[in-house]
Amino acid sequence: MAVAAVGVSWIHRLHDPGVLCPLRALTGLPCPLCGGTTVFAESGAGHPVRGALANPLALTGAAAVALAPLGLGGRWWALQPKTRARMLGAALVGSELWQLVRFGVLRV
């Protein structure tokens with residue numbers, strides 16, 4: 001994952017693709033996953049705090065995927081499907097609120 005983060009940072013620095021999120025490109029509103037590329041670009045550029053603040057959900061998801069083979073994924077799959085759906089739903093709502101504040105759509 002660290003190699004991928006450095007690669008994304010390098011590519012992003014050479015060829016800034018602009019806005020990658022289709023929802024944000026069409027409406028100007030960020031989606032819950034906006035900032036996912038920024039997490040890896042900033043982390044790979046040596047700015048982990050800026051990366052984490054871009055989208056904590058994407059960072060948490062990447063960490064969960066990386067740690068799942070170590071046995072931590074079993075705890076997730078042991079949960080009831082409704083519980084998993086509620087947790088994911090709450091995480092997406094929280095992430096969307098985070099993005100709306102981050103982009104200045106909502107004021108706190």
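Visitor: How do you know where the prediction is confident, and where is confidence lowest?

Guide: The predictor gives each residue a confidence from 0 to 100, called pLDDT. Its mean for the protein chain is 85, and 85% of the residues reach 70 or more; helix H1 (residues 2-14) has the lowest confidence, at a mean of 67, whereas H7 has the highest, at 96.

Visitor: What makes the pattern of the protein chain α-α-α-α-α-α-α?

Guide: Helices are DSSP runs of H or I with at least four residues, strands are runs of E with at least two, and both are numbered from the N terminus. The protein chain has seven helices and zero strands, which, read along the sequence, gives the pattern α-α-α-α-α-α-α.

Visitor: Why is Asn 55 called buried?

Guide: Buried means under 20% relative accessible area, exposed means over 50%, and partly exposed lies in between (1.4 Å probe, protein chains only). Asn 55 has 0% relative accessibility, and therefore counts as buried. Asn 55 sits in the loop between helix H4 (48-54) and helix H5 (56-67), and in the protein chain as a whole, 19% of the 108 residues count as buried.

Visitor: What does Asn 55 touch, not counting residues up to four places away in sequence?

Guide: With contact taken as heavy atoms within 4.5 Å, Asn 55 touches Pro 32, Leu 33, Cys 34, Gly 35, Gly 36, Val 39, Ser 95 and Gln 99. The side chain of Asn 55 also reaches the backbone oxygen of Pro 32 at 3.0 Å.

Visitor: Why does Pro 32 count as partly exposed?

Guide: Pro 32 has 22% relative accessibility, and so it counts as partly exposed. Pro 32 lies in the loop between helix H2 (22-27) and H3, and although Pro 32 and Glu 96 are 64 residues apart in sequence, their C-alpha atoms are 4.2 Å apart in space.

Visitor: What makes the pair of Arg 50 and Glu 42 a salt bridge?

Guide: A salt bridge is a side-chain nitrogen of Lys or Arg within 4 Å of a carboxyl oxygen of Asp or Glu. The closest N and O atoms of Arg 50 and Glu 42 are 3.7 Å apart, and the pair forms a salt bridge; by this rule the count comes to one. Arg 50 is partly exposed because its relative accessible area is 47%, and Glu 42 is partly exposed because its relative accessible area is 21%.

Visitor: Which residues make the nonpolar surface patch of about 630 Å²?

Guide: Patches are made of residues with over 30% relative accessible area and no salt bridge, like charges being joined within 9 Å and nonpolar side chains (Val, Leu, Ile, Met, Phe, Trp, Tyr) within 5 Å. The patch is made by Leu 29, Val 93, Leu 97, Val 101, Val 105, Leu 106 and Val 108. Leu 106, in the segment after helix H7 (81-102), counts as partly exposed because its relative accessibility is 37%.

Note on methods: Residues numbered from 1 in each chain as written. Predicted model: local features only at pLDDT ≥ 70, side-chain atom pairs only at ≥ 80, totals over all residues. Heavy atoms only, no water. Polar contact = N/O pair within 3.5 Å; in protein donor to acceptor, adjacent residues only side chain to side chain. Areas by Shrake-Rupley, 256 points an atom, 1.4 Å probe, with all protein chains shown as cover.
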